[in-house]
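Please view the sequence and the model alongside the notes below.

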Amino acid sequence: MKLTLRNISGWLLACILIRLGYVRKALNRTLKGEQILSVYFHNPTRKEFESSVQWLQKQGLNFLSIADLERIVHKRSDFPKGGAIITVDDGWQANEKNIVETAEAYKVPVAIFVSTQPVQDGAYWWSYLEAAKKAGLSPPAVQALKDLPNEERLLKLEEYKRTIHLPREAMTVGQVQRLSRSKYITIGGHTHSHPILTNCEDDQVYFELRHSKRTLESWTGKLISYFTYPNGNFSGREVQALEGLDYSIAFTCEPKPIRVLDTQHRYLLPRLGFLEGASFAENMCRMTGVWQAAMQRFRAPLRKKRRIPTDIGTTPVATKDVAFQ
């Protein structure tokens, strides 16, 4: 855990939630078959990921592959007792050592959702802003660019890409190919350039979903059927595009476990985000959905609670806990 005021206060709150029995109750609901814990990572350390796997196993949970979940969603398998699924977004180079080696050692299936442009170019777009800030420049905040129409975001990024050179942080094509051959790893799509899809024009959305799918299929020689929305942002348009391109299931960043009713919406499967750098006590609460539920209760008196509608007619906003690294 990084010793910051935010993490210390988070640790204290997590300890209270654990002491009050909320984590145990969430685990019991999972073991009874009322829900599946769907946990996602980005770029954890090996210790963070291994500790998570060990802890979930110790609670008596069974790890499902994404193919297992697909069968459940399509009613070809029963909803399980004690189910947990692990997904990873972006395709960071360190994932091979920190996640894949651990998954193989513990025989745990993991789905890694890869953005293809960073694999080709070496870095993620938000890293240029972080590097520019360290260089003494005054780049806009990452969140500010995430709020812009995609064409404007790309124009603002271009000036920093011309002057800043970053070391490789994304996987190489060779790594993606190697990982795809592991019996414990499934590769999925996460767009080409990792834009905020709801800020893109129609043709951009279609390109991002189709091009990344075809590129990953050409690299791995395997069908790419699974998808996660960058930053969790989507609308009915993105869902229709996924269906048209024959994706089978997709994950949002709605912070809750997967329940039986959630499987009726195969492109809206929720996930619980692990927060890298936070205390493990906090992440115990996060992986069980306790932390997110508590935050929603605390925020409810301050603002109207937002939720993903079942008719997907509006654009939900990704949880503030979503992080790129």
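A crossing of two helices is called right-handed if the near helix is turned clockwise from the far one by less than a right angle, and left-handed if it is turned anticlockwise. In this predicted model, H3 passes H5 in a right-handed crossing. Helix H3 also contributes to the lining of the second largest pocket.

**Packing of H3 and H5**

- The axes of H3 and helix H5 (residues 95-106) lie 8 Å apart, and the two helices pack at an angle of about 30 degrees.
- Angles under 35 degrees count as roughly parallel, and H3 and H5 are therefore roughly parallel to each other.
- On the H3 side, the contact involves Arg46, Phe49, Glu50, Val53, Gln54 and Gln57.
- These residues meet Lys97, Asn98, Ile99, Glu101, Thr102, Ala103 and Tyr106 in H5.
- Sorted by class, the contact of H3 with H5 comprises five nonpolar, four polar and four charged residues.

**The second largest pocket**

- The second largest pocket holds about 510 Å³ of space.
- Its lining is formed by 17 residues, of which Lys2, Glu48, Glu276, Gly277 and Ala278 are the closest to the pocket centre.
- Helix H3 (46-58) and helix H13 (280-287) are the elements that give two or more residues to this lining.
- H3 gives the most, with three residues.
- By class, four nonpolar, eight polar and five charged residues make up the lining of the second largest pocket.

Key. Residues are numbered from 1 along each chain as its sequence is written. This is a predicted model: local features need pLDDT of at least 70, side-chain atom pairs count only at pLDDT 80 or more; totals for chains, interfaces and linings use all residues. Side-chain values use heavy atoms; hydrogens and water are left out. On a 1 Å grid over the protein atoms alone, a cavity is a set of points where a 1.4 Å probe fits but cannot get out, and a pocket is an open set with protein on both sides within 12 Å along at least five of seven lines; lining residues have an atom within 4 Å of a point. Grid points are joined across faces, edges and corners, and a volume is the space filled by probe spheres set on the points. Helices (H or I, at least four residues) and strands (E, at least two) are DSSP runs, numbered from the N terminus. Ala, Val, Leu, Ile, Met, Phe, Trp, Tyr, Cys and Pro count as nonpolar, Asp, Glu, Lys and Arg as charged, and the others, Gly among them, as polar. Axes are lines fitted to C-alpha atoms, for helices over the stretch in contact, and angles run from 0 to 180 degrees between N-to-C directions. Angles under 35 degrees count as roughly parallel, over 145 as roughly antiparallel, 65 to 115 as roughly perpendicular and the rest as oblique. Contact means heavy atoms within 4.5 Å.
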